Amino acid sequence: MDTAFLRQIEGFSLTTAEILYRLPDYPKLLQSYIWQDYDLAPRFPKLTDFLDFWAVNLDGALYRVCVAHRKLIAPAEFSFIEGELRLH
């Protein structure tokens with residue numbers, strides 16, 4: 001049986017993270033890396049493990065991580081507050 005299907009039955013959903021990091025030799029420049037796997041919202045244990053691995057083993061310092069997951073994006077969860085779009 002397909003492992004992706006089994007993970008969905010266990011509650012996992014496809015998670016995409018855009019990771020911006022600083023280039024080791026040129027710290028003023030940012031590079032983008034896309035990570036994608038099945039993970040559990042809202043704690044994201046697989047993504048957290050990956051980011052911990054990155055911080056310990058890779059030279060590029062993390063700058064920002066943006067996460068997209070179906071449980072994070074729903075029309076009722078977003079609203080405009082003082083001209084900004086915020087997640088509740």
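Nine residues form the largest nonpolar core: Ala17, Ile19, Tyr21, Trp35, Phe44, Leu47, Phe50, Leu51 and Trp54. Two elements, β1 (13-22) and α2 (45-57), each supply at least two residues of this core. The largest share comes from α2, with four residues. The model shown here is predicted. In soluble globular proteins, nonpolar side chains tend to be buried together.

Leaving aside residues up to four places away in sequence, tryptophan 35 touches Thr15, Thr16, Ala17, Ile19, Lys46, Leu47 and Phe50.

Next comes histidine 69, which lies in strand β3 (residues 62-69). Is histidine 69 buried or exposed? Histidine 69 counts as buried because its relative accessibility is 3%, and the cut-off for buried is under 20%. With residues up to four places away in sequence again left out, histidine 69 touches Ser13, Leu14, Thr15, Asp39, Ala41 and Phe44.

The last stop is on the surface. Here Met1, Phe5, Leu6 and Ile9 form a nonpolar patch, and together they have about 450 Å² of accessible area. Methionine 1 lies in the segment before α1 (3-9). Why does methionine 1 count as exposed? Its relative accessibility is 77%, and exposed means over 50%.

Conventions:
Residues numbered from 1 in each chain as written. Predicted model: local features only at pLDDT ≥ 70, side-chain atom pairs only at ≥ 80, totals over all residues. Heavy atoms only, no water. Core = buried A, V, L, I, M, F, W, Y, C linked by side-chain atoms within 4.5 Å. Buried < 20%, exposed > 50% of the residue type's maximum accessible area, 1.4 Å probe, protein only. Contact = heavy atoms within 4.5 Å. Patch = residues over 30% accessible without salt bridge, like charges linked within 9 Å, V, L, I, M, F, W, Y side chains within 5 Å. Areas by Shrake-Rupley, 256 points an atom, 1.4 Å probe, with all protein chains shown as cover. Salt bridge = Lys/Arg side-chain N within 4 Å of Asp/Glu carboxyl O.
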